[in-house]
Amino acid sequence: MKNFIYHDIKEIEQINSENGRKYKLPSKLIVPSVTNVCGLLGRESIKEWRNKVGEQAANRISNIASSRGTRIHTLSEKYLKSEAYDIDDNDIKVFNSMIPELNKIDNIHALETRLYSEKLKVAGTVDIIAEYDNQLSTIDIKTSSKPKRKDWISNYFFQTASYSFMFTELTGISIKNMVIIIGVDNNKPQIFREKVIEWFPGFINLRKQFREEYGY
């Protein structure tokens, strides 16, 4: 049974629109999601890929990946809460390979929790903030059909660094470590361990770029 540590973080409203996900902060300010901000990275390569494979195929592939990611997130959440779960046959192998990594997680401060920053004017839902191998970390759960190179996933690190900052702003608890756990088809999970301080400045630059392009 995992230990949970609860914090009094105010609820914020999520707003879904054609221009992406937004949030209304307690100050009533409307801000972009972290995902939209980090989406500035690689958008040209994504556009090229969609043009190459075609819109219909690109939408099908993206929907399959998104659905699987959602299922694995739900399974991870239920596992950490010691709740019963049903698992899709297509997910068994990948999820079982991730369980040893989930077993390294305890003293959980946040699990699928909406965080926000009045300073950064941004918000989003963090996967996990907890101790991983006894180190307080912001943890992101991902899935992939093949192993990722570190230089392919800068957006993961920028996103996770922003959640670390938001949690510190809201609770006063400093987080120095980030962990990305990627469940990979027919492979062992990939584990990337990084320092928040190395990636947070990059997120600040992305946030500035987003504001210059979209005006908020």
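The lining of the second largest pocket divides into eight nonpolar, three polar and three charged residues. Here Ala, Val, Leu, Ile, Met, Phe, Trp, Tyr, Cys and Pro count as nonpolar, Asp, Glu, Lys and Arg as charged, and the others, Gly among them, as polar. This pocket holds about 260 Å³ of space. Of its 14 lining residues, His7, His109, Ala110, Leu111 and Thr113 are the closest to its centre.

The model is predicted: local features need pLDDT of at least 70 and side-chain atom pairs count only at pLDDT 80 or more, while totals for chains, interfaces and linings use all residues. Residues are numbered from 1 along each chain as its sequence is written, and side-chain values use heavy atoms, with hydrogens and water left out.

One cavity of 30 Å³ or more is found in the structure. The largest cavity has about 30 Å³ of space. Its lining consists of His73, Ser76, Glu77, Leu111, Glu112, Asp127, Ile128 and Ile141. Helix H3 (55-80), strand S4 (105-117) and strand S5 (122-132) are the elements that give two or more residues to this lining; H3 gives the most, with three residues.

Volume is the space filled by probe spheres set on the points.

Helices H5 (residues 154-171) and H6 (residues 196-214) pack at an angle of about 95 degrees, their axes 8 Å apart. That makes H5 roughly perpendicular to H6 (angles of 65 to 115 degrees). In the contact (heavy atoms within 4.5 Å), H5 supplies Ser154, Phe157, Phe158, Ala161, Ser162, Ser164 and Phe165, and H6 supplies Val196, Trp199, Phe200, Gly202, Phe203 and Leu206.

The whole structure has nine aromatic pairs (ring centres within 6.5 Å). Phenylalanine 165 and phenylalanine 200 have ring centres 4.7 Å apart and planes at 10 degrees, so the pair is stacked (planes under 30 degrees apart). The pair links distant parts of the chain, with phenylalanine 165 in helix H5 and phenylalanine 200 in helix H6, 35 residues apart.

How values were computed:
Axes are lines fitted to C-alpha atoms, for helices over the stretch in contact, and angles run from 0 to 180 degrees between N-to-C directions. Helices (H or I, at least four residues) and strands (E, at least two) are DSSP runs, numbered from the N terminus. Angles under 35 degrees count as roughly parallel, over 145 as roughly antiparallel, 65 to 115 as roughly perpendicular and the rest as oblique. On a 1 Å grid over the protein atoms alone, a cavity is a set of points where a 1.4 Å probe fits but cannot get out, and a pocket is an open set with protein on both sides within 12 Å along at least five of seven lines; lining residues have an atom within 4 Å of a point. Rings of Phe, Tyr and Trp (its six-membered ring) pair if their centres lie within 6.5 Å; planes under 30 degrees apart count as stacked, over 60 as edge-to-face and the rest as tilted.
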